[in-house]
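Here's a quick look at the nonpolar packing and the charged pairs in one model. Have the structure open as you read.

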Amino acid sequence: MLPAVVKLCCGISYPHLRNMAGLQCTAVAVIGQDITHLQQWGQIRHHMKTHAGLKNNEPKPEDVKPVPAKEDELFYVQQGQEAMRKALCMFEDKEGWMVEITESNGDVICSKVMPGARKVFRIEAVLEASVDELYDLLFVRVEDMQQWNPSIQHIKILERVGPETIITHEVSAKTAGNLIGQRDFLSVRHSCKQKSSVYLGGAAIQLESFPPQTGFVRAEDGPTCIIIQALDGNIRKSRFTWLLNMDVKGWLPKSIVNQALPQAQLDFTRHLRGRLTASATLG
């Protein structure tokens with residue numbers, strides 16, 4: 001995030017917009033099907049709960065032990081899917097993207113001003129790793145991220161809502177030169193695998209059981225999405241695209257925020273490459 005936590009978000013550069021369009025539509029369709037299945041699942045659970053109350057000679061309502069409600073879990077999954085859908089739809093409009101930074105290694109960061117005057121930042125890079133390896137690092141083992149990214153002080157999975165959706169709490173580290181300062185984040189993250197691509201979407205959520213923490217400003221991210229695609233002809237390389245869409249909160253000039261966020265993307269990608277290199281050496 002700020003020079004810190006990875007926020008689930010991604011973008012697509014001009015040369016790849018046409019190629020990605022089909023994948024975006026497929027991913028959105030898959031998400032739509034998932035939502036339909038989850039709704040049907042909820043209806044089945046309701047039917048089972050109702051049916052349970054008719055057994056054993058129709059006991060009185062107070063004698064029937066209720067089935068644990070899962071509506072909150074369904075809500076989290078739908079929130080993650082909706083965040084991913086909105087993030088992918090942000091790229092349907094090709095206008096307005098401006099190049100911010102071009103690195104010698106080929107990494108490119110572009111920005112775009114969205115309604116409400118918030119700037120979003122998109123980085124596109126090629127990484128020496130397979131899609132599955134990056135999925136494992138950025139989603140499955142997200143709690144280990146603080147071990148290889150010094151910009152993160154703490155990241156914890158508060159709840160696993162099935163294999164594809166998690167609720168996380170993150171705290172950015174105190175780092176020298178951090179123009180924004182420490183923030184914490186409460187997010188829902190959702191993953192979707194589609195052929196040779198992985199989509200990691202997410203957004204900020206609010207939980208009564210986990211209010212803002214004393215000593216931190218709670219920032220909000222999303223809708224966000226990371227897209228990881230296998231590079232044609234080389235399964236050991238992947239195209240990594242990340243759209244950083246964040247409201248850092250607090251009283252900070254936009255000029256400072258717009259300087260810090262793209263730098264956070266560069267820092268994160270650099271730390272990620274370091275982790276991949278270390279893994280390759282150990283392997």
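Which residue's side chain meets that of glutamate 170 in a salt bridge? Arginine 189 does, at 2.2 Å from N to O.

## Ground rules

This is a predicted model, where local features need pLDDT of at least 70 and side-chain atom pairs count only at pLDDT 80 or more, while totals for chains, interfaces and linings use all residues. Residues are numbered from 1 along each chain as its sequence is written, and side-chain values use heavy atoms, leaving out hydrogens and water.

## Salt bridges

A salt bridge here puts a side-chain nitrogen of Lys or Arg within 4 Å of a carboxyl oxygen of Asp or Glu. That rule gives 14 of them.

Back to our opening pair: glutamate 170 is buried at 0% relative accessible area, and arginine 189 is buried at 1% (buried is under 20%, exposed over 50%, partly exposed in between, with a 1.4 Å probe and protein chains only). Glutamate 220 and lysine 249 also pair up, at 3.9 Å.

## Nonpolar cores

A nonpolar core is a set of buried Ala, Val, Leu, Ile, Met, Phe, Trp, Tyr and Cys residues joined through side-chain atoms within 4.5 Å. The largest one has 37 residues, with Leu138, Ile228, Phe240 and Leu272 making the most contacts inside it. A second, separate core has nine residues, including Leu186 and Phe210.

Leucine 272 touches Leu127, Leu134, Leu137, Leu138 and Trp148, skipping residues up to four places away in sequence (contact means heavy atoms within 4.5 Å).
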